[in-house]
Amino acid sequence: MIKASYEQLLERISRQSSLSREELEKRIEAKRAKLSGLISKEGAAQVVAAELGISFDSQKLKIAELLQGMRKVDVVAKILRIWPVRSFVRKGSESKVVNMLIADDTAAIRAVLWDTNHIALLENGTIKEGDVVEIKGAAVRGTSAKELHLTNTSSIALSTQQLNGVVEKEQLHELRLADLVPGMQAKIRAVITQIFEPRFFATCPECGVKVLQESDKNVCAKHGAVVPIEKVLLTMIIDDGSATMRALLFSETAKELLNMTESQIKEREHFIEKRTELLGKEVWLEGRARMNKLFNTNEFVVSSIQEVDIEQLLELLKSKKE
């Protein structure tokens, strides 16, 4: 089932059928009347689309045109960011997953690669950040934000197409902390109420996973003995009036908030001074909710953070009222 607003469905069906909105709405209302109102407007719109021979699957689309629930979609996009490959065990065997942020001239979206053949193209450098790729046979999933998922039936390859003016940032919905569930991506406006002492840990330079100290060596479970890279983790408590929640800021995001280098963060006096300055500040946070299994509570992993600009916020609230 396609998850889209009534307006999105109307626009898509009208464009593909060449019927006017007025004609479509007549057919949709007739369909609802025939079913005694037991179907929503969105459901009736999809029934009408099927009767017109319109499929929401197996199409080449712009990212802004993607709707949750679509299958076998094709897009051409530029890779803005590739996160480290993560390994996990499923059904007794080791598997991998990697996330990318891709964009075209209409929007940006997170792409999730599950197939090891696709992931190998990133690991060996065949496909890298900045490349334009053609993705075929992907599915659109997600809860609060859309994601493009590639499985072993999908494909990804370098494209010769040039993309100019791509959207540089993923557009996330603004939500309340109380409405978050694990896996949701969101934009949150909240107040910083507490900041804890930073923690430092060593990670593998190849995969970014935390390394273990064995004798006099730093050992990655996947890459063996390595020369680690030190990273910082900053934990704080945020409150948006609906709930309070732990927020986690790793390395670059933590340094962005504090406006300090890692060596400066280690200087406790400087850190305490900056922490005092930040407490009570209202900020915009973007990221993803996840479940903390130890405490059985939600927490928010922050990917970007910036202080709320009061003048811009007033303009935003004014535009929403209008």
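Residues are numbered from 1 along each chain as its sequence is written, and side-chain values rest on heavy atoms, with hydrogens and water left out. Because the model is predicted, local features need pLDDT of at least 70 and side-chain atom pairs count only at pLDDT 80 or more, whereas totals for chains, interfaces and linings use all residues.

The protein contains eight helices and 16 strands; helices (H or I, at least four residues) and strands (E, at least two) are DSSP runs, numbered from the N terminus. Along the principal axes, the C-alpha atoms of the protein fill a box of roughly 70 × 45 × 40 Å. The chain is divided into domain 1 (63-158) and domain 2 (177-320), with bounds that come from an automatic or database domain assignment. The centres of domain 1 and domain 2, taken over C-alpha atoms, are separated by 25 Å.

Of the 322 residues, 42% count as buried. Here buried means under 20% relative accessible area, exposed means over 50%, and partly exposed lies in between (1.4 Å probe, protein chains only). The accessible surface of the protein comes to about 18,000 Å², of which 49% belongs to carbon and sulfur atoms; accessible areas come from the Shrake-Rupley method with a 1.4 Å probe, and for residues only the protein chains shown count as cover. Among contacts (heavy atoms within 4.5 Å) between residues at least 6 apart in sequence, 59% join residues at least 24 apart. The protein carries 47 positive and 46 negative side chains, and the centres of the two sets lie 6 Å apart. In this count Lys and Arg are positive and Asp and Glu negative, while His and the chain ends are not counted; each charge is placed at NZ of Lys, CZ of Arg, CG of Asp or CD of Glu.

Strands of a sheet pair through backbone hydrogen bonds, either parallel or antiparallel; two strands are taken to pair if DSSP finds at least two bridges between them. Strand 1 is joined to strand 5 (residues 132-142) by five bridges, and the two run antiparallel; Lys-78 stands opposite Val-132 of strand 5. Strand 1 also pairs with strand 3 (residues 93-103), over four bridges and in the antiparallel sense, with Arg-81 opposite Leu-101.

Pro-182 lies in the loop between strand 7 (155-158) and strand 8 (185-195). With 44% relative accessibility, Pro-182 counts as partly exposed. Residues up to four places away in sequence aside, Pro-182 touches Ala-289, Arg-290, Met-291 and Asn-298. The C-alpha atoms of Pro-182 and Thr-297 are 9.5 Å apart in space, although the two residues are 115 apart in sequence.

A further sheet is open and consists of three strands in the order 10-11-12, with antiparallel pairing. Strand 10 and strand 12 (224-225) stand at its edges with a single partner strand each, so one side of each is left without a neighbour in the sheet. Strand 11 (residues 217-220) is connected to strand 12 by two bridges, and Val-219 has Ala-225 as its bridge partner in strand 12. In strand 10 (residues 212-214) is Glu-214, which is partly exposed at a relative accessible area of 43%. The C-alpha atoms of Glu-214 and Val-75 are separated by 46 Å, and the two residues are 139 apart along the chain.

Helix 5 (residues 251-258) includes Ser-251, which counts as buried at 10% relative accessibility. Leaving aside neighbours within four places in sequence, Ser-251 is in contact with Lys-231, Val-232 and Glu-262. The buried residues of helix 5 are Ser-251, Thr-253, Ala-254, Leu-257 and Leu-258. These buried residues pack against strand 8, strand 13 (229-239), strand 14 (244-250), helix 6 (262-266), helix 7 (268-278) and strand 16 (297-307). Just after helix 5, Asn-259 adopts a positive phi of about 55°.
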